[in-house]
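Biologist: Could we go through this structure together? I should like to begin with helix packing and then move to other topics.

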Amino acid sequence: MVTHLFMQNKNLKQIFIWPIILGVFSAIGLVVALLEEGALEDISLIGLVAPILVIVYFYCIKK
Amino acid sequence: MRIASLKTWAWVHKWSSLVCTAFMLLLCLTGLPLIFAHEIDHLLGNEVEAPELPANTPFVSMDKLLENAKALYPNRVTQFAFREIDDDKTWTISLGTTATSEDDTKFVKLDARTAKVLQEPKFDEGFIHIMFRLHVDLFAGLPGMLFLGLMGVLLVVAIISGVVLYAPFMRKLEFGEIRRDRTPKLKRLDTHNFLGVVTLVWALVVGTTGVINAWADLVIKYWQFDQMSAMTAPYKGLPPPKTFGSLQAAVSTAQAREPHMKLGFIAFPGTDFSSPHHYGMFMRGDSPITSRLFKPVLIDALTAKLTDSREVPWYLATLLISQPLHFGDYGGMPLKIIWTILDIFTIVVLWTGLMLWWKKRKQYIPDIESKIRLSEAY
């Protein structure tokens, strides 16, 4: 992809912003299901499914 | 980042991963069926369920259950009585050659309402048992557990060093970009970095809690030394009783002490979870977290009177809470499926990492900077 030739080096914030967001999602998902049953369970599932959806999106859909 | 420190991180990542990869692949593969251990046992017909009876059928006395289990093995010693968290209808009683023997244990599953023997489950054979032992201790007991725990520490080191190395490799790449149109090596590298960083928190949590679980036996030993001995101190030196009082009376005393909790399991006198003079009654709450935090209630086995009850100390609480976070068994089927998918992603990360090393082990690249340049080469 030619765009890379002109791409500036990314800084740490740019590199890690998405991993951090997904990490926070996962952490919330892991902890919430442990604390509470019921309505909050959905929040937990969303948190844990987010990384999976991101992988499916980048790996299978956006080629 | 300075090239020298980058070099160090690359060295740490390479060797921490290489040493533990084979074992991690084994743990990921054996962990997959263990997520569904219950379902698999059920499918294989290894679990007999209690028949449906009217919902208000009363429970039979625990003494009757005990009597029926003992009748099958009159020369054995009862060790534990336990039941599933979501199944009040049955109790399973274990009988050993002595109160603390670990091999050659017999299990008797009984109907809690009729005291009928339902089944003699075999927990120490079959597919799930083999997977379990490979996953927990490689059939090597405590040394095996601690060895796998050490491999888990290396995994955590590999993950952390991997995150540090993620930055220089991503300087010119968009998040989630996989360079498929280039060499297979670049595709492998991008897949490794992308899957690794996205599943990072889950892998860290499962890795760390796995390491904590590897210490389970030692933590429990320490708890016995630290807490049980203090709780049973007044009985120190007394000769252990030859016969015991009513189990049902002891259960009722424990239940009265913790009316909002449910009896999770019973340790019969003489085991590691009781004393020669006591029944150990382990009570649990009903939320995902309180159901793991067993509260011990010690009941005098002769008089059925309360001796002592204490909250679990922080180190045992840590162990007990780390268990669901490792097993993924606290959110029903959806959580189990998520665990499976993330486990498979982890296998891909391990495999691509191993392949990245294998393919270039003979290729001489003088320094980490060149490696990064090569990875960014178009």
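**Helix packing, chain folds and the interface**

Modeller: The crossing of H3(B) and H9(B) is right-handed. This is a predicted model.

Biologist: Which residues make the contact there?

Modeller: H3(B) contributes Met62(B), Asp63(B) and Leu66(B), while H9(B) contributes Leu247(B), Gln248(B) and Val251(B). By type, the residues of this contact divide into four nonpolar, one polar and one charged.

Biologist: At what angle do helix H3 and helix H9 of chain B pack, and how far apart are their axes?

Modeller: Helix H3 (residues 62–72) and helix H9 (residues 247–257) of chain B pack at an angle of about 135°, and their axes are 7 Å apart. H3(B) and H9(B) are therefore oblique to each other.

Biologist: Turning to H5 of chain B, what should its span be, and what is the distance between its end C-alpha atoms?

Modeller: Helix H5 of chain B covers residues 141–169, which is 29 residues, so at 1.5 Å a residue the helix should span 42 Å. Its end C-alpha atoms are 41 Å apart, which agrees.

Biologist: Which residues of H5(B) are buried?

Modeller: Among them are Leu148(B), Met151(B), Leu155(B), Ile159(B), Gly162(B) and Leu165(B). The buried set also includes Pro168(B).

Biologist: And chain B as a whole: how many helices and strands?

Modeller: Chain B has twelve helices and eight strands. Its C-alpha trace spans about 80 × 45 × 35 Å along the principal axes. Of the 378 residues in chain B, 32% are buried. Among contacts in chain B with a separation of 6 or more, 64% are between residues 24 or more positions apart.

Biologist: Now a loop. Where is Pro276(B) found?

Modeller: Pro276(B) lies in the loop between strand E5 (262–267) and strand E6 (278–284) of chain B.

Biologist: Why does Pro276(B) count as partly exposed?

Modeller: Pro276(B) counts as partly exposed because it has 15 C-beta neighbours inside 10 Å. Leaving aside neighbours within four places in sequence, Pro276(B) is in contact with Pro240(B), Pro269(B) and Gly270(B). Pro240(B) is 36 residues from Pro276(B) along the chain, and their C-alpha atoms are separated by 5.5 Å.

Biologist: Last topic: how many residues does the contact take from chain A and from chain B?

Modeller: The contact takes 30 residues from chain A and 29 residues from chain B. On the side of chain A that touches chain B, the largest share, twelve residues, comes from H2(A). The residues of that side divide into 21 nonpolar, five polar and four charged.

Definitions and conventions
Residues are numbered from 1 along each chain as its sequence is written. Chains are lettered from A and ligands numbered from 1 in the order in which they are written. This is a predicted model: local features need pLDDT of at least 70, side-chain atom pairs count only at pLDDT 80 or more; totals for chains, interfaces and linings use all residues. Helices (H or I, at least four residues) and strands (E, at least two) are DSSP runs, numbered from the N terminus. The expected span of a helix is 1.5 Å times one less than its number of residues. A residue is buried if 20 or more other C-beta atoms lie within 10 Å of its own, exposed if 12 or fewer, and partly exposed in between; C-beta atoms are placed from the backbone. Axes are lines fitted to C-alpha atoms, for helices over the stretch in contact, and angles run from 0 to 180 degrees between N-to-C directions. Angles under 35 degrees count as roughly parallel, over 145 as roughly antiparallel, 65 to 115 as roughly perpendicular and the rest as oblique. A crossing is left-handed if the near helix is turned anticlockwise from the far one by less than a right angle, and right-handed if clockwise. Two residues are in contact if their C-beta atoms, placed from the backbone, lie within 7 Å. Ala, Val, Leu, Ile, Met, Phe, Trp, Tyr, Cys and Pro count as nonpolar, Asp, Glu, Lys and Arg as charged, and the others, Gly among them, as polar.
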